Amino acid sequence: MNIPFRNFITALPIWGMIGASLTSLDELHILSGITKHDSNWLHAGHVVPEEAQPGSFDFLRPSMAILRYLSPNYFAGGLVFFLFYAFLVGLPRRLKNYGWLGSAPCSMSRFFVFYIIFGSCYALTAVMSNDSSKNTYLPLICAFLLIAIAAGQIWTTRNGVYSWTRLILYLVIVAITGCSFEYMLVTSGTGFTYGICPSFACMGTPIAIMWVPFLYVNVALLSHCVMWVDVKEKA
């Protein structure tokens, strides 16, 4: 990975904000009853004590208001996905210009197309695995749809793959790590719980294991799809 250090550092806060924006998507799971979050995990609005004396935390209130909608935990998640991708898959090495995402230049239209595709994945899970459908075959259909969407994105960007082996490894590691992390949070009671468990969608686990791994695969593919733009390199 020979990307200029300056571009790499510039891309970090951008990917952090992309991760933080997923806070609003996770609200879909909360509204549909799929997950029940600890407010201190999803949002940081409780950082400013409500019982504080007037004026004692006024200088912090604007930033705390923003954090009610942009979770710092998801901000960190955005950084992790970018760093995982950079070191596991790799970034273009022989470019004259690097884009705002730290890789090949990417248009805003392309970014929003793939972001909307990923947002649709979240919406699918919220609709097809909510409290009323958790014990039907809809969660299983949802899993197949997420696999199909992932396959379509891989096919769309097939000419820009630096290494198929590294990409598949990245997707597998993200899926395993994501599921393991959620399992740890749920069982420890420190982050959130799945309100739909136990159910068919959970298959005897405390998380919606039927489709959660494939949702993580689509999260991982978001970084891949927007960072490889007409880049053709050989491993």
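A disulfide is here a pair of cysteine sulfur atoms within 2.5 Å. The views show a predicted model, in which local features need pLDDT of at least 70 and side-chain atom pairs pLDDT 80 or more, while totals for chains, interfaces and linings use all residues. Residues are numbered from 1 along each chain as its sequence is written, and side-chain values use heavy atoms, without hydrogens and water.

**View 1. The disulfide of cysteine 197 and cysteine 202.** The model has 1 disulfide by this rule. The two sulfur atoms of cysteine 197 and cysteine 202 lie 1.9 Å apart. The torsion about their S-S bond is about -85°, so the disulfide is left-handed. Cysteine 197 has a relative accessible area of 18% and is buried (buried: under 20% relative accessible area, 1.4 Å probe, protein chains only). Cysteine 202 is also buried, at 0%.

View 2. Cysteine 106 is in no disulfide. Cysteine 106 is buried at 8% relative accessible area, and cysteine 225 is buried at 0%.

**View 3. Helices α5 and α8.** Helices are DSSP runs (H or I, at least four residues), numbered from the N terminus. The axes of α5 (residues 108-128) and α8 (residues 212-227) come within 10 Å and cross at roughly 180°; axes are lines fitted to C-alpha atoms over the stretch in contact, with angles from 0 to 180 degrees between N-to-C directions. The helices are therefore roughly antiparallel (angles over 145 degrees). Residues in contact (heavy atoms within 4.5 Å) include Phe114 and Phe118 of α5 and Leu222 and Cys225 of α8.

How values were computed:
Buried means under 20% relative accessible area, exposed over 50%, partly exposed in between (1.4 Å probe, protein chains only). Helices (H or I, at least four residues) and strands (E, at least two) are DSSP runs, numbered from the N terminus. Angles under 35 degrees count as roughly parallel, over 145 as roughly antiparallel, 65 to 115 as roughly perpendicular and the rest as oblique.
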